[in-house]
Amino acid sequence: MNGMEPPIADGVINRGAPVAIHAQISEQIRNRIAHGEWPAHYRLKSEPELAADLGVSRGTVRRALATLIEEGLLRQVRGRGTFVTSMTFEPSIAQRLSTLSEDFASQGVLFDTTVLTHGLVTPPQPVAALLDLPALGSVFHLDRLRSTAGEPVTLLSNFVRADVVPGIEEFDFSELSLFGVLEGHFGLKIGTARRTFSAESATAEVAEALQLPVGAPVQYLQQVTYLTDGRPIEYSDVWIHSERLKVTSLLSRR
């Protein structure tokens with residue numbers, strides 16, 4: 001997910017300052033992370049691209065990144081790039097990438113889907129960064145409520161890159177699967193996703209949708225989905241009524 005944002009801090013490097021250039025670059029990246037412009041899991045541009053943006057050598061960029069890696073703000077994954085570090089522990093869980101609707105269908109669970117909101121919007125900055133959107137880019141925003149046996153179990157909020165799927169807002173997602181439309185109609189190949197689970201207290205909006213008291217515990221799932229070519233295509237927030245739906249992972253030692 002090479003960023004399409006302007007160069008770091010608009011490429012402002014003070015070459016006459018007593019502070020080393022690599023330290024200035026480190027500080028600019030540090031500020032972007034601190035202000036949420038580059039959220040957890042954001043993938044930075046490659047070292048050559050950053051060097052070209054800033055008008056400095058690749059070695060200077062590498063030294064700046066090394067400082068932030070030592071501080072724990074960035075991490076490098078061989079063959080994939082440099083990412084902003086999550087502040088939460090993320091165990092590696094091996095499981096098939098499937099949607100909740102696919103899991104329900106495979107287990108014979110009957111469910112209903114209610115579309116709460118849908119349409120093209122300008123996304124929040126952290127979502128735009130994770131989806132690698134160009135300046136002023138828009139997303140298809142979809143909020144849905146899933147129920148089984150007449151009781152709500154999940155509240156889903158999805159953001160999909162609109163430039164990759166023109167016309168997606170015309171589909172009826174009370175009947176159709178989002179991934180099914182992405183793959184079946186638009187011919188996209190979904191490859192991987194990063195899921196993060198955590199426990200949260202239900203906000204007023206989540207509590208009303210899931211028929212819970214405000215502040216009741218819910219399981220929260222955050223996901224960024226990537227195509228097989230590495231492009232991010234979808235970001236989602238999912239809140240789960242933990243008394244009605246349990247999330248189980250089948251693990252293998254080998």
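Which residue forms a salt bridge with E71, and how far apart are the closest N and O atoms? The partner is R30, and the closest N and O atoms are 2.9 Å apart. Some notes on that pair and its surroundings follow.

1. Ground rules. This is a predicted model, where local features need pLDDT of at least 70 and side-chain atom pairs count only at pLDDT 80 or more, while totals for chains, interfaces and linings use all residues. Residues are numbered from 1 along each chain as its sequence is written, and side-chain values use heavy atoms, with hydrogens and water left out.

2. The opening pair. A salt bridge here is a side-chain nitrogen of Lys or Arg within 4 Å of a carboxyl oxygen of Asp or Glu, and by that rule the count is eight. Helices (H or I, at least four residues) and strands (E, at least two) are DSSP runs, numbered from the N terminus.

3. Buried means under 20% relative accessible area and exposed over 50%, with partly exposed in between (1.4 Å probe, protein chains only). E71, at 43%, counts as partly exposed, and so does R30, at 24%.

4. Two further salt bridges. E47 pairs with R58, the closest N and O atoms being 3.2 Å apart; E47 is in helix 2 (residues 47-54) and R58 in helix 3, 11 residues apart. E47 is buried at 14% relative accessibility, whereas R58 is partly exposed at 45%. R161 and D163 also meet, at 2.5 Å from N to O. Here R161 is buried at 8% and D163 is partly exposed at 47%.

5. Six strands make an open sheet in the order 3-4-5-8-7-6, with antiparallel pairing; two strands pair if DSSP finds at least two bridges between them. Strand 3 (112-121) and strand 6 (190-201) stand at the edges with a single partner strand each, so one side of each has no neighbour in the sheet. From one strand to the next the twist averages 15°, with axes being lines fitted to C-alpha atoms and angles running from 0 to 180 degrees between N-to-C directions. Strand 6 is joined to strand 7 (residues 217-227) by 11 bridges, and T196 has Q222 in strand 7 as its bridge partner.

6. The cores. A nonpolar core is a set of buried Ala, Val, Leu, Ile, Met, Phe, Trp, Tyr and Cys residues joined through side-chain atoms within 4.5 Å. The largest has 22 residues, and those with the most contacts inside it include L131, L155, V206 and W239. Among the elements that each supply at least two residues of this core are helix 5 (125-130), helix 7 (204-210) and strand 8 (232-240). A second, separate core of 19 residues includes I13, I29, L54 and L74.

7. A closer look at L155. This residue is found in strand 5 and is buried, with a relative accessible area of 6%. Contact means heavy atoms within 4.5 Å; not counting residues up to four places away in sequence, L155 touches L116, V206, L210 and W239, among others. The C-alpha atoms of L155 and T114 are separated by 9.7 Å, with the two residues 41 apart along the chain.
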